[in-house]
Amino acid sequence: MPEKLSEGQVRAALTAVQKRIITNPTNFNAEGFLTIGFAGKQPELGDSYSNNGSMYLTSECFLALGLPATDSFWTAPAADWTAKKAFANDKFPKDYAVNY
């Protein structure tokens with residue numbers, strides 16, 4: 001992760017996103033599979049590799065569950081993430097292109 005992002009910030013943002021997805025019934029089809037979209041059924045946002053229930057893409061949000069409970073990802077204090085800071089009129093670092 002970029003140094004300017006704390007583990008608590010990333011964990012808090014991922015948790016917010018996961019709660020938002022799981023609690024929104026329009027994110028699932030009649031069979032209970034995820035629909036394509038950002039917030040509900042938005043198939044126009046899909047790419048050629050996306051499909052209902054794309055296990056690979058969906059499972060990535062659970063990677064942190066493989067970390068032990070003592071890992072700093074879990075123990076770091078929760079912190080506001082960039083979008084939350086921006087909409088609260090708080091100061092935040094400007095984002096730049098990432099080259100990993």
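## A salt bridge between Lys84 and Asp80

The side chains of Lys84 and Asp80 meet in a salt bridge, with 3.6 Å from N to O. The term is used here for a side-chain nitrogen of Lys or Arg within 4 Å of a carboxyl oxygen of Asp or Glu, and by this rule the count comes to one salt bridge. Lys84 is partly exposed because its relative accessible area is 41%, and Asp80 is partly exposed because its value is 32%. For these labels, buried means under 20% relative accessible area, exposed means over 50%, and partly exposed lies in between (1.4 Å probe, protein chains only).

A quick word on the model: it is predicted, so local features need pLDDT of at least 70 and side-chain atom pairs count only at pLDDT 80 or more, while totals for chains, interfaces and linings use all residues. Residues are numbered from 1 along each chain as its sequence is written, and side-chain values use heavy atoms, with hydrogens and water left out.

## The chain as a whole

Now to the overall layout. The protein chain has four helices and zero strands, and its pattern along the sequence reads α-α-α-α. Helices (H or I, at least four residues) and strands (E, at least two) are DSSP runs, numbered from the N terminus. Along the principal axes, the C-alpha atoms fill a box of roughly 40 × 35 × 30 Å.

Of the 100 residues in the protein chain, 15% count as buried. The chain exposes about 7,900 Å², and carbon and sulfur atoms supply 61% of that area. Accessible areas come from the Shrake-Rupley method with a 1.4 Å probe; for residues, only the protein chains shown count as cover. As for contacts (heavy atoms within 4.5 Å), residues 24 or more positions apart account for 42% of those with a separation of 6 or more.

Phe62, Leu65, Leu67 and Trp74 form a nonpolar patch on the surface, and together they have about 370 Å² of accessible area. Patches are made of residues with over 30% relative accessible area and no salt bridge; like charges are joined within 9 Å, and nonpolar side chains (Val, Leu, Ile, Met, Phe, Trp, Tyr) within 5 Å. Trp74 is found in helix α3, residues 72-75, and counts as partly exposed because its relative accessibility is 32%.

## The second largest pocket

The second largest pocket has a volume of about 190 Å³. For readers who like the grid details, the search uses a 1 Å grid over the protein atoms alone: a cavity is a set of points where a 1.4 Å probe fits but cannot get out, whereas a pocket is an open set with protein on both sides within 12 Å along at least five of seven lines. Lining residues have an atom within 4 Å of a point. Grid points are joined across faces, edges and corners, and a volume is the space filled by probe spheres set on the points.

Helix α1 gives the largest share of this lining, with three residues. Among the lining residues are Pro2, Gln9, Val10, Ala13, Trp81, Tyr96 and Val98. Val98 lies in the segment after α4 and is partly exposed because its relative accessible area is 46%. From Val98 to Phe33 the C-alpha distance is 32 Å, across 65 residues of sequence.

Asn24 sits in the loop between α1 (7-23) and α2 (55-59). With a relative accessibility of 18%, Asn24 counts as buried. Leaving aside residues up to four places away in sequence, Asn24 touches Ala39 and Gly40.

Val17 is found in helix α1 and is partly exposed, with a relative accessible area of 46%. The C-alpha atoms of Val17 and Asp90 are separated by 20 Å, and the two residues are 73 residues apart along the chain.

## The segment after α4

Asn89 is found in the segment after α4 (82-87). Its phi is near 65 degrees, a positive value in a residue other than glycine. Most residues other than glycine have a negative phi. Asn89 counts as exposed because its relative accessibility is 70%.

Lys91 also has its place in the segment after α4. Lys91 is exposed, with a relative accessible area of 80%. Between Lys91 and Glu7 there are 18 Å in space, C-alpha to C-alpha, and the pair is 84 residues apart in sequence.
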